[in-house]
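Hi,

Here is the structure I said I would pass on. Have a look at it first, and then read my notes below.

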Amino acid sequence: MSNNKYLEMLAQKYPNHRSVNAEIVNLRAILALPKGTEYFLSDLHGEYDAFQYFVRSASGTIKMKIDENFGAILSATDREQLAALIYDPINELKRREANEADFNAWCSSAIYRLIIICRAVSNKYTRSKVRRILPDNTGYIMDELMFADDDDNRQKYYQEIIDSVIEFKIAKTLITEIANTISELAVDHLHIIGDIFDRGPKPHRIMDFLMSRRSVDIQWGNHDVVWMGAACGNRPCIANIIRMNVSYNNFDMLEYGYGINLRPLATRAQQIYGDDPCTGFMPHVLEKNRFDPIPEELAAKMHKMIAIIQFKVEGQTIMNHPEFKLDHRLMLDKINLDEGTVNCYGEVYPIKDTNLPTIDPADPYKLSPEEEEVMVALEASITNSKKLQEHINFLYTHGALFTTYNGNLLFHGCIPFTEDGDFMEVTIAGKTNHGAGLMRQLDQELREVYFNPRCELDKADAANLMWYLWLGPDSPLFGKDKMTTFERLFIADKSTHKEHTVPYYKLIKNKDICIKIIRDFDLDPSKGIILNGHVPVKIKDGESPIKGEGKLIVIDGGISKAYQKTTGIAGYTFIFNSWFMALSEHEPYHPLQPDGTQEFNNPNIVTTHTLPARMLIIDTDIGKVLQSQIDDLQQLNAEFRKGTIKEVYPKRGKYYSKN
Ligand SMILES: O=P(O)(O)OC[C@H]1O[C@](O)(COP(=O)(O)O)[C@@H](O)[C@@H]1O
Ligand SMILES: [Mn+2]
């Protein structure tokens, strides 16, 4: 489009110099504000409750604001309780209602305190932005309370509003909504550096929450890409997500969260493995499902059935796609049932379980009719699940393989490197690439598979790319030599379970390697850093999340409960506000106890980078976009002055026509 055409279009929105000037004033005001707070989390693995707490507490930001505003006025306990109200308003309100002698008086003072915090976290934004964030019904009241001046009349007005709120019994709603708004305002932008799904019970709730936020980006993790492939109907991906979640007892999520029908799997598993205790397949987690409490013996049979299906459909894909170079992962043909052994990478081991009635030694990768029936049912359920497809669509529209944001580089796994510290040339999907080029190419291809398959029938097959990225040794999302699911299930010798990480994870200790990566993505290494997830930092073994002299930070600290024994903590979060970047180390999140008590631990916060001066919006990526909008508007004004584009004023409006 020629520049003038573009300016003519702009003139439809800003038809005269007055409207142009008004917008320039507005944009310049925004540019002068401090940059909003960015908040980074990774490896959520379905742990919705802990995630909620991390987001709501904003890595200690809320507690800091409370201390700043009430440090001299309220006791430490009162401040803790105010924090608890913001972190978990619904449960805290329940507790208060049961325990406060005068609940209305408590509400009245809680509203007052919350409004002060709400004002404190909103002062970085324009009023119009704050108004847009306020909720529909109670937003008006909040607006009045937040922006009421403190002179005598106003004070009365203020009290009047709170009294009416109590009288009309909307105090609990108002309190909940102010608390929600505080957490919305405390974090301007959320970055989720991958692995939303698998292991924990509620990834669907995390996705619903992310979809409700106004500003989010996601960097796909291996545990996301495998769901993206499953949503395309890819059999290996489907078998993997079902196996993992059956093995973690996540039946409520699968069946009621996503409406995936597990009846065929349950019925057939019972039929085939009826007398088999399937001891090697007991679910890792025995927490009760609320809606579908499947007995653990049945869950184990289902786990075994879907695991065998997985090894078969993966085997078929490996044989049909020699270009993946995954032949070494073909295991079923190495089983010797007569001898009860399996040959794994040249070594013969006893096989833990010899009851494998569906494996035909003459054609070990062929699904039995029952297995085929189960697979067909799962495919249909997954591709027709409206909720799942909505979530995956959001992963595409708000996600990417990597993101550059305000000078930093974010990706989940790794960048393939040789041992010597050179970018590794990787051939995937017929193209060879390295470093940033590889990441761009794969991102593009993942989008093609989902939005633009050559025909819908090709989609499931094209999504083999997602499956490769889930477990392939050259995948920048996986970063390990092999995924030893088969060995863990069938071989007792633990040495076969070991998955070796790629050279990247050693190399990033070196600052120059980190700088090389940052440069390859066209970022300035004197300012930007890399944020990574994926590999849990084993802090208890003395490992540090800060690599390359602060140029790279790994923020996988084990939000996933299953990994807290390995890491020794309960997760990291990272924050980038207008003054500094900081890493928070969290202790385990304690869920609400049956007696109504709940403990919130404040994280241990370490400032990793201090900015030379307060960072304003003008210094951010959005600032650059806004600045270019100002430039365009100024050009439009110049065209108005020259008369090349005619100014238009409303015929009978508040403006006088120039002529
Ligand atoms: O411990 P689980 O849940 O059985 O999963 C183990 C598998 O998960 C992986 O660690 C991948 O998951 P992460 O991306 O969370 O590391 C595989 O390497 C491994 O085979
Ligand atoms: Mn991962």
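A quick definition before the details: a residue is called buried when its relative accessible area is under 20%. Keep in mind, too, that this is a predicted model.

Let's start with helix H5, which covers residues 76-87. Its buried residues are Arg-79, Leu-82, Ala-83, Ala-84, Leu-85, Ile-86 and Tyr-87. What covers them? Among the elements doing so are helices H3 (48-57), H4 (61-70), H6 (89-99), H7 (103-122) and H11 (171-186). The length of H5 works out as well: at 1.5 Å a residue, its twelve residues should span 16 Å, and the end C-alpha atoms are 16 Å apart, so the two agree.

Next, the metal. Which residues coordinate the manganese ion (ligand 2)? They are Asp-195 (OD), Asn-222 (OD1), His-412 (NE2) and His-534 (ND1), at 2.2 to 2.3 Å. Along the sequence, the spacing of these donor residues reads D-x26-N-x189-H-x121-H. The two histidines bring together distant parts of the chain, 122 residues apart: His-412 sits in the loop between strands S9 (408-411) and S10 (426-428), while His-534 is in the loop between S12 (530-532) and S13 (546-547). His-412 counts as buried because its relative accessibility is 0%, and His-534 is buried too, at 8%.

Last, a sheet. Three strands make an open, antiparallel sheet in the order S4-S5-S6. S4 (335-336) and S6 (347-350) are the edge strands, each pairing on one side only. Two bridges join S4 to S5 (residues 341-344), and Ile-335 has Val-342 in S5 as its bridge partner.

Cheers

Notes. Residues numbered from 1 in each chain as written. Chains lettered and ligands numbered in written order. Predicted model: local features only at pLDDT ≥ 70, side-chain atom pairs only at ≥ 80, totals over all residues. Heavy atoms only, no water. Helix = DSSP H or I, 4+ residues; strand = E, 2+ residues; numbered from the N terminus. Expected span 1.5 Å × (residues − 1). Buried < 20%, exposed > 50% of the residue type's maximum accessible area, 1.4 Å probe, protein only. Contact = heavy atoms within 4.5 Å. Donors = N, O, S within 2.8 Å, 3.2 Å for Na, K, Ca; no water. Pairing = 2+ DSSP bridges.
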